[in-house]
Amino acid sequence: MKVLIVDDHTLIREALHAVLKQLKREAVILEASSSREAMHLVEQHPDISLILLDINLPDRDGFSVLCELRHRYATIAIIILSSSDDQDTVRRAFKLGALGFIPKTTEREVMLNAIELVFSGGVYIPSKILEETAGPPFADKPLARASLKGLGLTDRQIDVLALLMKGKSNKVIARTLNMAVPTVKNHITVVLKALGVATRTEAVIKVGKMGWEWPPKSES
């Protein structure tokens, strides 16, 4: 497991380093204080699996860095770090392909859980944002569901995808939808094939590129 921390504040990098070592003691952790240094490290280490990216970098806008990373290294999971947690900032991050958004005011234990969730192929959205955007799941929107059906997915498979996008594990999905875990795995296999991807991470990125917002806006 190789992780890159991109932040211009030494104390922040040290704190994240400690959190990552607590989560994955064997993890190889790289650090960069600028976007230029970060891109150089990614080129040198194509096996990086996770990037913790500050959007307020001294030499470049973090969102443009996120866009470039998503375009050039589609399989790397990216979590955005920010001193701001307003809805527009969070929505923009997810729309550009982030798989997590962690405000810098987040408590250590919550941050640990957030990183672990993304490590396992899920998506982490701050609880505050989830509360502010409470509404029906994106897959319940008529247009989105119709688009998914156009890919050959059944209603049940769309339900599985909706929970997968929330970062739920196979066991939780099985319990929520009252089905066996092997059945969930079979549905996920079909979903990934329909989307033309190989992993959950790629599925989340693909769904974002297809224009489905996450978190969703509430229906009127």
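This report covers a helix pair and several salt bridges in a predicted model.

**Helix packing**

Helices α8 (residues 155-165) and α10 (residues 181-195) pack with their axes 9 Å apart, at an angle of about 90°. That angle makes α8 roughly perpendicular to α10. On the α8 side, the contact is made by Arg156, Gln157, Val160, Leu161 and Leu164; on the α10 side, by Val184, His187, Ile188, Val190 and Val191. Sorted by class, the contact of α8 with α10 has seven nonpolar, two polar and one charged residues.

**Salt bridges**

Side chains of opposite charge can pair when their charged atoms come close. Seven salt bridges are found in a search of the whole structure, including those in the table.

| Salt bridge | Closest N and O atoms |
|---|---|
| Glu31 with Arg13 | 3.1 Å |
| Asp54 with Lys104 | 3.2 Å |
| Arg60 with Glu68 | 2.7 Å |

Glu31 is partly exposed, at 30% relative accessible area, whereas Arg13 is buried, at 12%.

Asp54 forms a salt bridge with Lys104. Because Asp54 lies in strand β3 (residues 50-54) and Lys104 in the loop between β5 (100-103) and α5 (108-119), the pair ties together parts that are 50 residues apart in sequence. Asp54 is buried, with a relative accessible area of 1%; Lys104 is partly exposed, at 27% relative accessibility.

Arg60, which forms a salt bridge with Glu68, counts as partly exposed at 29% relative accessibility. Salt bridges with shared partners join Glu43, Arg60, Glu68 and Arg72 into one network.

Key:
Residues are numbered from 1 along each chain as its sequence is written. This is a predicted model: local features need pLDDT of at least 70, side-chain atom pairs count only at pLDDT 80 or more; totals for chains, interfaces and linings use all residues. Side-chain values use heavy atoms; hydrogens and water are left out. Axes are lines fitted to C-alpha atoms, for helices over the stretch in contact, and angles run from 0 to 180 degrees between N-to-C directions. Helices (H or I, at least four residues) and strands (E, at least two) are DSSP runs, numbered from the N terminus. Angles under 35 degrees count as roughly parallel, over 145 as roughly antiparallel, 65 to 115 as roughly perpendicular and the rest as oblique. Contact means heavy atoms within 4.5 Å. Ala, Val, Leu, Ile, Met, Phe, Trp, Tyr, Cys and Pro count as nonpolar, Asp, Glu, Lys and Arg as charged, and the others, Gly among them, as polar. A salt bridge is a side-chain nitrogen of Lys or Arg within 4 Å of a carboxyl oxygen of Asp or Glu. Buried means under 20% relative accessible area, exposed over 50%, partly exposed in between (1.4 Å probe, protein chains only).
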